[in-house]
Amino acid sequence: MPQQPLAQVPLDATWEWQELGACREADSTLFFHPQNERGTSRLRRDRAAKAVCARCPVVAHCADYAIRAREPYGVWGGLTEEERERVYLRATLSAYGREKGAGLRAAHDLLGLAQ
Ligand code: SF4
């Protein structure tokens, strides 16, 4: 089994934004795939989770946190694991550091996510 990186929580991470997340009212199983989920099942679940994120008032905080923390699992800030992997592969620490806002800036620049 490939080694998965663990989330690296930024030292300046804050959590109060999570109290406002639209996912607090949603089915939490939408956001994290079950083991061995693939294909259209995964695509449908990811889309449903992203639809919740699309109406979330803290989507920017969430995406910024998830990218800075290198969250390996789940849909965060409207970004799937694969979308965040694309950011991690292309983002260099010299261009995108670990400070607040760097994750969102990387997502904006590399994926075209609105800031
Ligand atoms: S952006 Fe999505 S995952 Fe993040 S708090 Fe909002 S609903 Fe939850």
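Reply: Happy to! Let me begin outside that part, with a residue for contrast: Asn36 has 7 other C-beta atoms within 10 Å, and because 12 or fewer counts as exposed, Asn36 is exposed. Please keep in mind throughout that this is a predicted model. Asn36 sits in the segment before H1, and its phi is positive, about 70°, although Asn36 is not a glycine. As background, most residues other than glycine have a negative phi.

The part I would like to show you is H2, which spans 59–68. Here the picture is one of burial: 10 of the 10 residues of H2 are buried, so the helix is mostly covered. The list runs through Val59, Ala60, His61, Cys62, Ala63, Asp64, Tyr65, Ala66, Ile67 and Arg68. Notice that His61, Asp64 and Arg68 are among these buried residues. As for what covers them, the buried residues of H2 pack against H1, H3 and H4.

Now to the nonpolar core. The largest one has 23 residues, and Cys62, Ala63, Ala66 and Ala107 have the most contacts inside it. H2 gives the most, with 7 residues.

Which way does H4 run against H2? Their axes come within 7 Å and cross at roughly 95°. Since 65 to 115 degrees counts as roughly perpendicular, H2 and H4 are roughly perpendicular to each other. On the H2 side the contact is made by Ala60, Ala63, Asp64, Tyr65, Ala66, Ile67 and Arg68, and on the H4 side by Ala102, Gly103, Leu104, Ala106 and Ala107. Sorted by class, that contact holds 9 nonpolar, 1 polar and 2 charged residues.

Cys62 deserves a stop of its own. Leaving out residues up to four places away in sequence, Cys62 touches Trp17, Gly21, Cys56, Trp76 and Gly77. Cys62 also brings us to the ligand. A shell of 14 residues surrounds the ligand, and the closest are Gly21, Cys23, Cys53, Cys56 and Cys62. H1 (39–54) and H2 are the elements that give two or more residues to this shell. By class, the shell has 11 nonpolar residues, 3 polar ones and no charged ones. Cys62 therefore turns up both among the residues closest to the ligand and among those with the most contacts in the core.

Finally, let's follow the chain out of H2. After the helix comes Arg70, in the loop between H2 and H3. Arg70 is a residue other than glycine with a positive phi, near 55°.

Not counting residues up to four places away in sequence, Thr80 touches Asp46 and Val75. Thr80 and Ser28 are 52 residues apart in sequence, and 14 Å separates them in space, C-alpha to C-alpha.

Terms used
Residues are numbered from 1 along each chain as its sequence is written. This is a predicted model: local features need pLDDT of at least 70, side-chain atom pairs count only at pLDDT 80 or more; totals for chains, interfaces and linings use all residues. A residue is near a molecule or strand if its C-beta atom, placed from the backbone, lies within 6 Å of it. Helices (H or I, at least four residues) and strands (E, at least two) are DSSP runs, numbered from the N terminus. Ala, Val, Leu, Ile, Met, Phe, Trp, Tyr, Cys and Pro count as nonpolar, Asp, Glu, Lys and Arg as charged, and the others, Gly among them, as polar. A nonpolar core is a set of buried Ala, Val, Leu, Ile, Met, Phe, Trp, Tyr and Cys residues joined through C-beta atoms within 7 Å. A residue is buried if 20 or more other C-beta atoms lie within 10 Å of its own, exposed if 12 or fewer, and partly exposed in between; C-beta atoms are placed from the backbone. Two residues are in contact if their C-beta atoms, placed from the backbone, lie within 7 Å. Axes are lines fitted to C-alpha atoms, for helices over the stretch in contact, and angles run from 0 to 180 degrees between N-to-C directions. Angles under 35 degrees count as roughly parallel, over 145 as roughly antiparallel, 65 to 115 as roughly perpendicular and the rest as oblique.
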